[in-house]
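Here is a short report on strands, sheets and one surface patch. Keep the structure in view as you read.

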Amino acid sequence: MVPEATLKETDAGLVPEGEGWVVLNARDAAWWRSDEMGAATTFEGRPGFAELGFHLEVLQPGQPNCMYHGESNQEDFLVVSGECIVILEGEERRLKAWDFVHCPPWAEHVFVGAGDGPCVIVMVGRRKRPTELLYPVNETAAKHGACVDAETRDGDEAYARYSNPERTPYVAGWLPGDAG
């Protein structure tokens, strides 16, 4: 039998620890928040989550989820609520709830919140380590503040102008269905 993993209580919410299966409501999980890049909870980067990354991102209008980049892993995205813009291989497209985006390895992309309120995106990707990243300069992404000034492979350099996200508990209203 596969054992159940432990859920560790932190100041920011629950965090899975160790190998095994997990049931965890996103509202109970630990979150990250940034004024520039929205709020997110992630179910990856821990033992037991080595092959698949699973991430929920909440973007307000104008907030990018990251810097425009390409990476060595496949990623897939599903807009669950709200609206956003995806910049994919330099092309800008408007997305709404239930739009799906597939990015094979090295497809350059970034998402930016749009519309009148929050956008929730489910982000799933292969997590083959080590992950290679490239942050290229892109005019379309730059118009949304989601691009580096000079091409780099260094994540610290790519995000140097942004403040570090802070760990936080979930805030009512971030996800659909809240009384918020």
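In this predicted model, strand β8 runs antiparallel to strand β11 (residues 109-114), and 6 bridges join the two. Within this pair, Ile 85 stands opposite Val 112 of β11.

Strand β8 (residues 83-88) also pairs with strand β9 (residues 91-96). This pairing is antiparallel too, over 6 bridges. Here Ile 87 has Glu 92 of β9 as its bridge partner. The hairpin of β8 and β9 has 2 residues between the strands. In that hairpin, Glu 89 takes a positive phi near 50°.

Now turn to the open sheet. Its 7 strands follow the order β10-β7-β12-β5-β4-β3-β14, with antiparallel pairing. Which strands stand at the edges? They are β10 (100-103) and β14 (166-168). Each has a single partner strand, so one side of each is left without a neighbour in the sheet. From one strand to the next, the twist averages 25°. The partner of β10 is β7 (residues 75-81), joined to β10 by 4 bridges in the antiparallel sense. There, Glu 75 stands opposite Cys 103 of β10.

| Strand pair | Sense | Bridges |
|---|---|---|
| β8 and β9 | antiparallel | 6 bridges |
| β8 and β11 | antiparallel | 6 bridges |
| β7 and β10 | antiparallel | 4 bridges |

Last comes the surface. Val 2, Trp 21 and Val 23 form a nonpolar patch there, with about 330 Å² of accessible area together. Val 23 lies in the loop between β2 (13-17) and β3 (31-34). Is Val 23 buried or exposed? Its relative accessibility is 64%, so Val 23 counts as exposed.

Technical notes. Residues are numbered from 1 along each chain as its sequence is written. This is a predicted model: local features need pLDDT of at least 70, side-chain atom pairs count only at pLDDT 80 or more; totals for chains, interfaces and linings use all residues. Side-chain values use heavy atoms; hydrogens and water are left out. Patches are made of residues with over 30% relative accessible area and no salt bridge: like charges are joined within 9 Å, nonpolar side chains (Val, Leu, Ile, Met, Phe, Trp, Tyr) within 5 Å. Accessible areas come from the Shrake-Rupley method with a 1.4 Å probe; for residues, only the protein chains shown count as cover. A salt bridge is a side-chain nitrogen of Lys or Arg within 4 Å of a carboxyl oxygen of Asp or Glu. Buried means under 20% relative accessible area, exposed over 50%, partly exposed in between (1.4 Å probe, protein chains only). Two strands pair if DSSP finds at least two bridges between them. Axes are lines fitted to C-alpha atoms, for helices over the stretch in contact, and angles run from 0 to 180 degrees between N-to-C directions.
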